[in-house]
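Subject: Handing over the structure

Hi,

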2 protein chains.
Amino acid sequence: MVVEVLRLGHRWGRDKRISTHVALTSRALGADKILFVSNDDHVKDSVNRIVEQWGGDFKFDVVDSWKQYIWSFKKNNGIVIHLTMYGENINEIMKKIIEKRQEGKDSKNILIIIGAEKVPKEAYELADYNVSVGNQPHSEVAAIAILLDRLFEGSSLYKEYPDAKIKVNPSDRYKSVEIR
Amino acid sequence: MVVEVLRLGHRWGRDKRISTHVALTSRALGADKILFVSNDDHVKDSVNRIVEQWGGDFKFDVVDSWKQYIWSFKKNNGIVIHLTMYGENINEIMKKIIEKRQEGKDSKNILIIIGAEKVPKEAYELADYNVSVGNQPHSEVAAIAILLDRLFEGSSLYKEYPDAKIKVNPSDRYKSVEIR
């Protein structure tokens with residue numbers, strides 16, 4: 001199963017830090033790739049620097065047409081989830097999504113759409129699921145984090161990368177880091 | 001039980017959007033208050049505007065001495081959790097924290113410390129638990145979101161505020177908002 005994140009509405013400059021947090025959270029919580037609709041070197045460089053040091057092969061990519069990308073993704077054994085504060089409560093829908101993902105002989109790929117500013121209504125229409133992480137205004141970083149945590153049921157927090165140059169040894173009392 | 005969040009190392013200007021996301025995520029995921037160590041009108045106004053429109057009585061506050069605040073909090077039936085990528089994996093420790101919270105006749109209050117930049121080592125020492133949401137670099141917004149989601153086991157996503165001026169009606173297909 002591949003999990004990708006599509007970041008809509010990223011505003012160059014203004015959103016660089018929030019979008020970087022969205023990207024790094026996606027990587028750390030188990031996604032394989034983040035897609036932007038326009039390039040942003042600040043975000044791209046931050047992501048690549050983290051991957052270079054901490055390992056794995058998480059990708060930053062830019063798509064030409066996000067609608068077309070969603071269409072192809074759906075046709076290619078994929079489920080599309082749009083995260084929005086107006087959607088159905090994740091508490092209600094998550095079990096159904098996890099079951100849907102396991103239907104058929106290969107588990108399905110997942111594309112998660114996460115907007116910055118106002119999201120075009122096509123995103124609602126193209127998505128298989130419009131999901132809210134509560135219906136209060138908060139943060140797209142929080143929403144993607146909780147969705148991925150629930151999708152992987154905590155397992156992505158154990159991910160290790162053999163090619164990592166830095167590795168943390170978890171400790172209740174002090175910082176312990178291995179540099180290779 | 002009261003849940004508070006202590007934001008350390010907030011840098012005025014640079015961190016305003018990330019810290020606002022930390023604050024709004026804390027509110028939406030069930031915390032009662034966020035404490036900063038220095039004032040930031042941008043963050044404070046954003047929080048107050050959301051509370052005014054969306055209801056509840058989530059508070060933004062500034063503490064003079066964070067170390068003293070932690071000390072008093074611990075003495076006053078409180079548990080202190082420090083979120084750090086170097087800490088013990090949340091998968092391992094969360095059950096213990098939830099049990100600890102329910103010890104005694106009143107359930108204990110919780111203070112969550114979340115840093116922006118490098119956190120002074122006193123934070124590690126004063127905390128009852130140093131907890132990581134995975135040991136990969138990602139985002140303090142993601143970390144606080146997942147910790148609160150696991151602490152409340154999803155229940156905070158149903159929170160409703162009788163004094164709200166705006167309310168979302170969750171929907172799988174379209175935006176539906178009630179204005180009162």
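Let me start with the sheet in chain A. Six strands form an open sheet with parallel pairing, in the order S3-S2-S1-S5-S4-S6. The edges are taken by strand S3 (59-62) and strand S6 (129-132) of chain A, each of which has a single partner strand, so one side of each is left without a neighbour in the sheet. On average, neighbouring strands of this sheet are turned by 30° against each other, direction ignored. Before you go further, please keep in mind that this is a predicted model.

Strand S4 (residues 78-89) of chain A pairs with S6(A) in the parallel sense, over five bridges.

Next, the helices of chain A. Which strands does H4(A) lie across? H4(A) lies across S4, strand S5 (109-115) and S6 of chain A, and it runs at about 175° to S4(A).

Helix H4 (residues 90-101) of chain A also packs with helix H6 (residues 140-151) of chain A, at an angle of about 50° and with the axes 10 Å apart. That angle makes H4(A) oblique to H6(A). The crossing of these two helices, H4(A) and H6(A), is right-handed. On the H4(A) side, the contact is made by A:Ile90, A:Asn91, A:Met94, A:Ile98 and A:Arg101, and on the H6(A) side by A:Ile146, A:Leu147, A:Arg150 and A:Leu151. Sorted by class, the contact of H4(A) with H6(A) has six nonpolar, one polar and two charged residues.

Helix H1 (residues 16-28) of chain A and helix H2 (residues 41-54) of chain A pack at an angle of about 30°, and their axes are 9 Å apart. H1(A) and H2(A) have a right-handed crossing. From H1(A), the residues A:Lys16, A:Ser19, A:Thr20, A:Ala23, A:Leu24 and A:Arg27 meet A:His42, A:Val43, A:Ser46, A:Val47, A:Ile50, A:Val51 and A:Trp54 in H2(A). What classes do the residues of the contact of H1(A) with H2(A) divide into? There are seven nonpolar, four polar and two charged residues in the contact of H1(A) with H2(A).

On to chain B. Here too you will find an open sheet of six strands with parallel pairing, in the order S3-S2-S1-S5-S4-S6. S3 and strand S6 (129-132) of chain B stand at the edges with a single partner strand each, so one side of each is left without a neighbour in the sheet. From one strand to the next, the twist averages 30°.

You can walk through part of this sheet pair by pair. Strand S1 (residues 3-8) of chain B pairs with S2(B) in the parallel sense over four bridges, and B:Leu6 has B:Leu35 as its bridge partner in S2(B). To get from S1(B) to S2(B), the chain crosses through helix H1 (residues 16-28) of chain B, in a right-handed β-α-β crossover.

Strand S2 (residues 33-36) of chain B then pairs in the parallel sense with strand S3 (residues 59-62) of chain B, over four bridges. B:Leu35 stands opposite B:Asp61 in S3(B). The chain passes from S2(B) to S3(B) through helix H2 (residues 41-54) of chain B, and this β-α-β crossover is right-handed. In the pairing with S3(B), B:Phe36 has B:Val62 as its bridge partner.

Elsewhere in the sheet, strand S4 (residues 78-89) of chain B and strand S5 (residues 109-115) of chain B run parallel and are joined by six bridges.

Lastly, helix H4 (residues 90-101) of chain B and helix H6 (residues 140-151) of chain B pack at about 50°, with their axes 10 Å apart. That makes H4(B) oblique to H6(B), and the crossing of H4(B) with H6(B) is right-handed.

Enjoy exploring!

Best wishes

Methods. Residues numbered from 1 in each chain as written. Chains lettered and ligands numbered in written order. Predicted model: local features only at pLDDT ≥ 70, side-chain atom pairs only at ≥ 80, totals over all residues. Heavy atoms only, no water. Pairing = 2+ DSSP bridges. Right-handed = clockwise from strand over helix to strand, strands pointing away. Axes fitted to C-alpha atoms, helices over the stretch in contact; angles between N-to-C directions. Parallel < 35°, antiparallel > 145°, perpendicular 65-115°, else oblique. Left-handed = near helix turned anticlockwise from the far one by under 90°. Contact = heavy atoms within 4.5 Å. Nonpolar A, V, L, I, M, F, W, Y, C, P; charged D, E, K, R; others polar.
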